[in-house]
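Have a look at the structure first, then read on.

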Amino acid sequence: MHKGLDAKIELFNKVLDGIWLRDKVIKHNIANANTPNYKKLTMSFEDKLREALSKDNTKLVKTHEKHLPSPTRLTEIQPSIDVNKNLSYRFDKNNVNIDTEMADLAKNTIMYNAVIDQLIGEFDKIKNVIQEGGK
C-alpha cells in the first residue's frame, strides 16, 4: 500500500481506538452515577496524539547514543485514564454529573461519526482510482 495512505489509516485507527475507549469510560461513569463514593473516570489522548503528529514532521535521525530521544511514534501513543477526585456536592460523595456525561457521550458519538466519514472518504478515493484506472 502507499506510504501516505498507510499513515492516514494508522492515524484513523488510533483515533477510533481512543474514541472507543472514551465511550467505554463515559458509559462506565453513567452506569455508576448512583454508586456511593464512586469517582468519575476521565480519558485523554488528543494532546498526546497532536504532539506526536507535530513531532512526526521533524524527520530527525539519531546518530549518537547521547542524542535526545526521537519523537514519539503514533503507534507508541497510549490513552490515559485518570480518576477525577474532585470534591462532590452530593451526600453520597459520588462526583458523576449525569447531564455532563450524557453531553460528553453525544460529543463522542459525533466525533466517531466524523472520523468514520473521513475514513470512508479515503476508501472512496481508492475505489475511484481503481475504477477510473481500469478504463
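The side chains of E46 and R22 form a salt bridge, with an N to O distance of 2.6 Å. E46 sits in helix α2 and R22 in helix α1, so this pair ties together parts that are 24 residues apart in sequence. Keep in mind that this is a predicted model.

- R22 is buried, since its relative accessible area is 16%.
- E46 counts as partly exposed, with 26% relative accessibility.

**Other salt bridges**
- Searching the whole structure turns up six salt bridges.
- One of them joins the side chains of E122 and K8 at 3.5 Å, N to O.
- That one links distant parts of the chain, with E122 in helix α3 and K8 in helix α1, 114 residues apart.
- E122 is buried at 13% relative accessible area, while K8 is partly exposed at 39%.
- R90 and D92 also meet through their side chains, at 2.9 Å, N to O.
- Both ends of that pair are partly exposed: R90 has 31% relative accessibility and D92 has 23%.

**Nonpolar core**
- The largest nonpolar core has 13 residues, and V15, I19, M43, F45, L49 and V115 touch the most other members.
- Helices α1 (3-31), α2 (46-56) and α3 (98-133) each give two or more residues to this core.
- α1 provides the largest share, six residues.
- Leaving aside residues up to four places away in sequence, V115 touches F12, V15, L16 and I19.

Conventions
Residues numbered from 1 in each chain as written. Predicted model: local features only at pLDDT ≥ 70, side-chain atom pairs only at ≥ 80, totals over all residues. Heavy atoms only, no water. Core = buried A, V, L, I, M, F, W, Y, C linked by side-chain atoms within 4.5 Å. Buried < 20%, exposed > 50% of the residue type's maximum accessible area, 1.4 Å probe, protein only. Helix = DSSP H or I, 4+ residues; strand = E, 2+ residues; numbered from the N terminus. Contact = heavy atoms within 4.5 Å. Salt bridge = Lys/Arg side-chain N within 4 Å of Asp/Glu carboxyl O.
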